[in-house]
Amino acid sequence: MSSQDKKTDSDPRHEEDQSSTASEDNKQVICLGNNEVKSRAVVKYSAAPPSSSYALLQEKTDLKLPPANWLRENTQLGTAGTTVLGSSRKSKPFSSFGMAYDFIDCIGDDVDVVSDSENIKKLLKIPYSKSHVSMAVHRVGSTLLLDELDIQELFMRSSQTGDWTWLKEFYQRLIDQKWQRKKKSKEHWNEKAILSKFLYYSINSDGTAVPVPSDTEQAAEEGCGTAAEGSSWPATFNSSTAESEESAIPKEDLRNDFVRNILWTFEDIHMLVGSNMPIFGGGRYPAVSLRLRDNNKPINVLTGIDYWLDNLMCNVPELVMCFHVNGIVQKYEMIKTEDIPDLENSTFSTRVVKDIAQNILSFLKSNCTKEGHTYWLFKASGSDIVKLYDLTTLCEEAAEEKCQNPFTLPVAVLLYKVASNMILKKSQNRKNYGTIRTLLLNCIKLLDEERHPQIIASAHYMLAELFQLDDVSEDEGNGESLRGGGSEDSYSDEEEEEEEEEEDESCSYSTSSELQDDSKAVAIIRSVGELSVPEKYKSTHQIRPNCAFPVSQDKEEKCRLVLSYVLKGLKAVDSSIKKESDLPAADPSTPIPLKYEERSQNGARDVEQDIALLLDRVGPCNEELKVPTRSGMLPGTWQHRMKLQLFLKASKAYYVLSDAATNLLKYGRALRYIKLALQCHDAYCSINGGLHPQVLLFHCQCLSLCGDVQLMLAQNASNRAAYLEEYNYQTKDDQEILHCLHRESSCQAFSMATDLASDPEYQLIVSSKCYEAAHDLLTSGVLKDLGQEQLGQVLKRLGNIRNEMGVFYMNQAAAMQVEKQGVRRSVCMAEQELWKKSFSCFEKGMQDFNAISDSVNTALLLCNIGRLMRICAQAHCVTTSEHSRGEFSPEEALYYNKAIDYYQRALKSLGCRESHSAVWDSVNWELSTTYFTLATLLQDYAPLSRKAQEQIEREVTETMMKSLRFCDLQTESARQPLYQYRAATIHHRLASMYHSCYRNQVGDESDRKQHRALAEQHYSKAVRLFISLSDAPCELLRTLLERVAFAEFTMAGQNSSAVKLKTLTGALEIMCETRHAFKLIHKELLEQQEKMSTPEDSDKPEELHSDSSPSSELNTEEVVKLIGVFEPSFSFLLLQLIKLSTAKEEQVKIYKNVYSRFLRAEKSVPLIQRVSLFTELLDQLKTPTGSDEARSSSS
């Protein structure tokens, strides 16, 4: 059959079948070979077209003649098709990094090994092969990256550039003292050329061997030598600071140029493999690999393993072998993949290959422990010893720059990319933050800031981002799982030293040079035969046994860490910005003063103009900056983008610090931190043309917090010295961050809002304006729909600050009133101005609270306006020429009635007591107090010049009864005793008023009887309420004495002796009730006497006279006055009873005895003895009757 008769184009239907079959194979567990092994391959990426049938060459085809399509690019062969090396082409030294960059999601945990398939095969053939092995190993998380390290090519480069001289000397001294480059034989290149021509023949459309011109063949042969001997090692990476880091990495060296990338699972080992093996298909064979063999050379074990592993990795079920003799095609043979291990002369155990793979992986994972380090796995040709060196440590010992290690930048970039990818995963668990932190710290450690500022700045920003400052509860519930050491490497120095000692003791070598070599090796496999022993090497170490994310419960410590990373990031960015006319160099050790100004009254008035700068600075804008910034940074560059992120992160950190300081009542520190937060925001605005809505929302939070701090400072003005000390303190990091900010902005836009002033009024105004600025931003078009929740909080703060300002002005007006007390004066303009300011603030505050339907705070502001009205009423008090109080004026009545109106509105706003009992009780009390004050003033300073006596009495009664209506005597609360006292006082005043009316009224007898009945009724209620109080003995005594006087006056108008006697008996019973008041007075006088007789006061007189202890709670002067009323009244009653009494002789004797003792009593004895005598005499009168209590209660 001629080659022209063979079909080379597969049927489309066959392509679909092959694709379907391959997909099914990807999902199956394949058991292959004479021992069961599990293999699964999933193609992650393929640049090859759908498999097509291979051309079956005619027998006797001469492969030494090149086909017409030779060395032309062909998609079927992929990139391998353009080189004479074919599918066995030499891998690039960074091929694993190219794959890792493309499949970053797999790196870290999901995949154990990333490498070229050729490197995997070379490792698994170590026990069978005498050839040398030289590979670079890098670790990222739990993933190992393997790349061929062509030591000969590396040293050829070293001779030209001077790089890696230390490794060359080390190699020559300890491994191969007579090192020279070994040249490949001509036979080797001939075999490669025949293989390449065979592959091109196999894809040729007609299969005819068409010779190419001799000059083309000669050029191809020259190309063979060039491709094989030319250096594939890249130059040492250098990066210009003005270029992006992406351009700093040579694309041609890190490009993933494999035809296909496969996720291969071999037993329990997960590998990301790059392969260029051509795969053919079509017809009955959906996927086959094509091999060329010399018929005179039998297949050995190494070749069998090679073919078997290639087919496993690519999930190819069959192998087609073409045999030739001296380039002349002889025959084809089809072999199933599972039969390859049993081929004649190449029999091997698949289980042993599996053990080799597991042992090598365990050996590498146990010893390649440091991320960022370059390890060298080396086995010399013909040697059975495999050694692992840490080239990074050897390079450091050789005192060479880290940039001379060509792997440094690719490793650092990969660490950065893996960390970045882990952060961006939305489902990322915070438990992995320790892993991310370790990756980034190792990345930073590898790089030089001058050469790679972008990666370093980005890494520091991501380190700062690990601390989620927005989530205040992030520490709760995660402390135990997250808290830990957080070491950058997996082992401590002590552990490493112990391991090295154990290794040195457990290994012995024959020559002194080998012993010296061993001290440099991290680990050694003493014999390659050990790799075939199942589980000889177990991976007992993990990459990060102790790299947990350091979590602190202290917010300040957490924010300080964030700011340290931000500072390092800013320094990295600033170091990359070049500008001819740069700012003068600032000394980071010199603090930037946070000046404060003593604000005068004029300064406080200028706040209205200064506050406009806030909105001008932060207003949303859609225009992008087109000119360089102050530092010379161009908009749109990576430096510009990075600074924006770092400034914003610093602002958030300072905000959290300020909030924490506020909670600790450290208001000076809180103001310093919020000042720094706003300065960071100012710098952010300076380099950004338009602000994102979320940034504006955060800025509103900053302004609100600034308002909170200024309010707290105003309310705690007495601690200003301590706050000033806190405000002026600065850490070194704060100073350096400020210097970085000043490269972009003067940072003065918010200075007015963050100054520590001495004037409380100014601080209140600043606080109010901060809230107003936040409110204006939140109600602007950009944030109208986004900031509704925050708007409610700002409105509440606005209402609160306006209430505070209203109270401040109201208190100032009250203070002015106190200063002018006792001086005849009229209301001045200053007072009226303060009233207007206070009333305006309260009204605006009510509008704010009404906007958020806050009825409770609205009621409180109405209550404050009521108090303001009462202050206005007091200011309108009329004084006569003798500086005494004049009549109750209409202006006073007007303002008291306004106060009552506002209190009633407050109760209406609350609705019921259940809505907020404390506020309801407070308003209720104030309303009762206002009614009581109004009634008292009407009664005591009656406007008789304007109103009739009867009208005034009627108004007093109505107002007193209204006050009494709001006295809550039933509810148990702290105010209940006050209500009881108020009610008792009201009844006493009403009784006194009716008593006066009864005495002074002439004429209608019915009115006098009514007044008498009302007086008796109110006296009775007043006495009962005063008795229930234990701290009002004087009030009780006065009420009882007035009631006795009322009875005496009644008796004076009576003519019948029997009626008079009855009245006198009733009056004496009332007088006996004073016993309770005297007992309370006696008790308090005893307590005072005990206080006066304490050791420190022993030199003072023991006796307590009436004029002593003026500071005691009991008003002894009042007691003496009341006793002055009691004595003559008591004496009069007893005398009249003795005269008129017709009772038993026994009762008269008691009266006479009491009267006699009373008259003989010394008036000069101490007050306490007099009170004691009164109590004793009253007890003597009380005892025999036995019915006094009943009479008292019936009254």
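A salt bridge here is a side-chain nitrogen of Lys or Arg within 4 Å of a carboxyl oxygen of Asp or Glu. Keep that in mind for several of the stops below, and note that the model is predicted.

**Stop 1: a first pair.** Select Lys 64 and Asp 62, whose side chains form a salt bridge at 3.3 Å, N to O. Lys 64 is partly exposed, with 40% relative accessibility. Asp 62 is also classed as partly exposed, at 21%.

**Stop 2: the whole chain.** Zoom out and colour by secondary structure: the protein has 44 helices and 14 strands. Of its 1195 residues, 53% are buried. Now show contacts between residues at least 6 apart in sequence; 77% of these join residues at least 24 apart.

Stop 3: In soluble globular proteins, nonpolar side chains tend to be buried together. Select Leu 167, Trp 376, Leu 414 and Tyr 654: within the largest nonpolar core, which has 137 residues, these four touch the most other members. Then select residues 638–663, helix α23, which contributes 13 residues to this core, the most of any element. Another core, of 122 residues, lies apart from the largest one; to find it, select Leu 834, Leu 1037, Ile 1081 and Phe 1174, which are among its members.

**Stop 4: a second pair.** Go to Arg 451 and Asp 448, where a salt bridge joins the two side chains at 2.8 Å, N to O. How accessible are the partners? Arg 451 has 24% relative accessibility and counts as partly exposed, and Asp 448, at 25%, is partly exposed too.

**Stop 5: a pair between helices.** Select Glu 926 and Arg 870, which meet in a salt bridge at 2.5 Å, N to O. Show the helices as well: Glu 926 sits in helix α34 (residues 917–940) and Arg 870 in helix α32 (residues 855–875), so the pair links parts of the chain 56 residues apart. Is Arg 870 buried or exposed? Its relative accessibility is 15%, and because the cut-off for buried is under 20%, Arg 870 counts as buried.

Definitions and conventions:
Residues numbered from 1 in each chain as written. Predicted model: local features only at pLDDT ≥ 70, side-chain atom pairs only at ≥ 80, totals over all residues. Heavy atoms only, no water. Helix = DSSP H or I, 4+ residues; strand = E, 2+ residues; numbered from the N terminus. Buried < 20%, exposed > 50% of the residue type's maximum accessible area, 1.4 Å probe, protein only. Contact = heavy atoms within 4.5 Å. Core = buried A, V, L, I, M, F, W, Y, C linked by side-chain atoms within 4.5 Å.
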